[in-house]
Amino acid sequence: MSTRKPLLPDAARRTAAWCGVLLLVAGVGAVAVWLSVTLKTAVTPVLLALLGTALLGPVQRWLTAHGVNRSVAAGLTCAALVAVVGGAGYIVVTALVDSGDQIVRSLKDAAHWVIDHFDIEGVANVDDLADNAKGLVEKFGASAAGGLLSGISLIGSLVTTSVLALLLTFFFLRDSDRAAHLAHSVAPRGTGDLVEAMGRRAFEAVEGFMRGTTFIALIDALCITVGLLILRVPGAAGLGALVFVGAYIPYLGAFISGAVAVLVALADRGIVIALWVLGVVVAVQVLEGHVLQPVIQSRTVQMHPAMIMIALTAGASVAGLLGMLLAVPLCAAAVGVIGELRKGYAAGGEGPAVSDRS
């Protein structure tokens with residue numbers, strides 16, 4: 001009896017199977033993104049609370065290790081979060097507001113300098129660009145003023161999101177010890193240990209990213225601010241605050257904040273000081289890339305720069321600035337989960353190493 005020959009060769013069938021898997025994963029991802037955008041009012045506070053929990057987890061664990069009640073420790077940690085974020089926000093906003101006009105004026109002078117020295121006056125008129133931008137801002141302001149209810153609704157939504165994120169951070173910190181039990185409860189039978197390991201690895205990646213990025217941003221801002229003060233560049237405090245905020249958007253934020261600092265120095269102090277500022281910015285970035293990141297974030301998930309840029313682009317297309325801020329931590333969590341799955345398959349041979357616990 002002759003066996004029936006397969007319709008397609010083995011290579012084609014393997015390719016078709018992998019294409020089916022990729023389409024399934026892409027479909028699940030698209031549905032997840034669509035649900036996140038549709039339910040952004042509920043999803044955004046949860047994501048912000050997870051980032052806050054990742055950043056403040058060591059503080060809460062230190063308090064509980066010294067005998068403080070878990071609820072009290074979580075409450076003190078959240079109070080410290082409000083104080084630190086509120087104080088830092090006040091300093092950043094004050095610095096930017098106080099030196100904002102000076103920075104904008106210096107940027108305009110830098111644009112005039114570039115036009116005059118490179119003889120491109122016929123290409124663009126800085127005053128026209130400034131007037132058009134001012135007109136757009138006034139038009140936007142008039143539209144916003146006309147929709148007073150929309151403005152009130154936006155403010156209410158921001159306040160609600162912030163309060164809900166803070167409350168969720170409190171509960172996540174207080175009940176973090178129950179996460180392992182929850183993982184075993186919701187996981188299919190026999191996969192509880194794997195789900196728990198994946199969750200721990202993802203959270204460790206986000207935790208390391210948040211702590212490392214905050215520390216690196218603080219060092220970058222301090223170094224560049226000191227350099228700008230030594231070179232007597234106007235608006236040094238505001239530019240340093242811009243560097244600190246921009247550090248949470250890898251590569252792109254550092255490039256934009258550094259370019260603004262160089263242009264301000266070019267307009268107010270001349271090309272020699274601008275070159276010195278460029279040297280300071282490059283030196284700080286080299287210090288960050290070759291010393292701070294390998295030392296501070298050596299135990300977290302290391303992602304290729306191309307992956308980070310793709311994540312930033314995807315986050316911006318989905319949720320704008322908020323998406324850019326959340327894209328890299330979420331990508332780090334996904335890389336951590338994939339790494340844990342690969343470890344499980346490597347340990348188990350043909351499949352993930354799981355237990356029989358339910």
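Biologist: What pattern does the protein chain follow, read along the sequence?

Modeller: The pattern is α-α-α-α-α-α-α-α-α-α-α. The protein chain has 11 helices and zero strands. Helices (H or I, at least four residues) and strands (E, at least two) are DSSP runs, numbered from the N terminus. This is a predicted model, in which local features need pLDDT of at least 70, side-chain atom pairs count only at pLDDT 80 or more, and totals for chains, interfaces and linings use all residues. Residues are numbered from 1 along each chain as its sequence is written, and side-chain values use heavy atoms, with hydrogens and water left out.

Biologist: What does the protein chain average in pLDDT?

Modeller: The average is 75, and 73% of the residues score at least 70. pLDDT is the predictor's confidence in each residue, from 0 to 100.

Biologist: Where is confidence lowest, and where is it highest?

Modeller: Helix H4 (residues 126–146) is lowest, at a mean of 50, and helix H1 (residues 10–38) is highest, at 87. Contact means heavy atoms within 4.5 Å. Where pLDDT is low, the predicted coordinates should not be read in detail.

Biologist: OK, burial next. What share of the 358 residues is buried?

Modeller: Buried residues make up 31% of the protein chain. Buried means under 20% relative accessible area, exposed over 50%, and partly exposed in between (1.4 Å probe, protein chains only).

Biologist: And helix H8, how many of its residues are buried?

Modeller: Eight of the 11 residues in H8 (residues 236–246) are buried, so this helix is mostly covered. Among them are Ala236, Leu239, Val243 and Phe244.

Biologist: Which residues of H6 are buried?

Modeller: In helix H6 (residues 179–186), they are Ala180, Ala183 and His184. These three cover an arc of only 95° around the axis, which puts them on the same side of H6. The arc is that of the directions from the helix axis to the C-beta atoms. An α-helix has 3.6 residues a turn, so residues three or four places apart point the same way.

Biologist: What is on the face of H6 turned away from its buried side?

Modeller: That face carries the exposed residues His181, Leu182 and Val186. On the buried side, the cover includes helix H7 (192–230).

Biologist: How many residues are in the largest nonpolar core?

Modeller: The largest core has 19 residues. A nonpolar core is a set of buried Ala, Val, Leu, Ile, Met, Phe, Trp, Tyr and Cys residues joined through side-chain atoms within 4.5 Å. Helix H2 (40–65), H7 and helix H11 (305–348) each give two or more residues to this core. H11 has the largest share, 10 residues. A second, separate core of 18 residues includes Ala236, Ala261, Ile273 and Ala274.

Biologist: Is Ile308 buried or exposed?

Modeller: Ile308 is buried, with a relative accessible area of 9%. Its place is in helix H11, and Ile308 is one of the residues with the most contacts inside the largest core. Not counting residues up to four places away in sequence, Ile308 touches Pro250, Tyr251, Met303 and Val328.

Biologist: What does Val328 touch, on that count?

Modeller: Val328 touches Phe209, Pro250, Met303, Ile308 and Leu312.

Biologist: Changing topic. Where is Thr169, and what does Thr169 touch?

Modeller: Thr169 is in helix H5 (residues 148–174). At 2% relative accessibility, Thr169 counts as buried. Leaving out residues up to four places away in sequence, Thr169 touches Ala49, Gly52, Thr53 and Cys78. A polar atom of the Thr169 side chain lies 2.7 Å from the backbone oxygen of Ala165.

Biologist: And Thr44, buried or exposed?

Modeller: Thr44 counts as buried, at 16% relative accessibility. Thr44 is found in helix H2 and touches Thr161 and Leu322, with residues up to four places away in sequence not counted.

Biologist: Last one. How many disulfides does a search of the whole structure find?

Modeller: The search finds zero. A disulfide is a pair of cysteine sulfur atoms within 2.5 Å. As for individual cysteines, Cys19 counts as partly exposed at 38% relative accessibility, and Cys223 counts as partly exposed at 33%.

Terms used:
A polar contact is a pair of N or O atoms within 3.5 Å; within protein, one must be able to donate a hydrogen and the other to accept it, and residues adjacent in sequence count only if both atoms are side-chain atoms.
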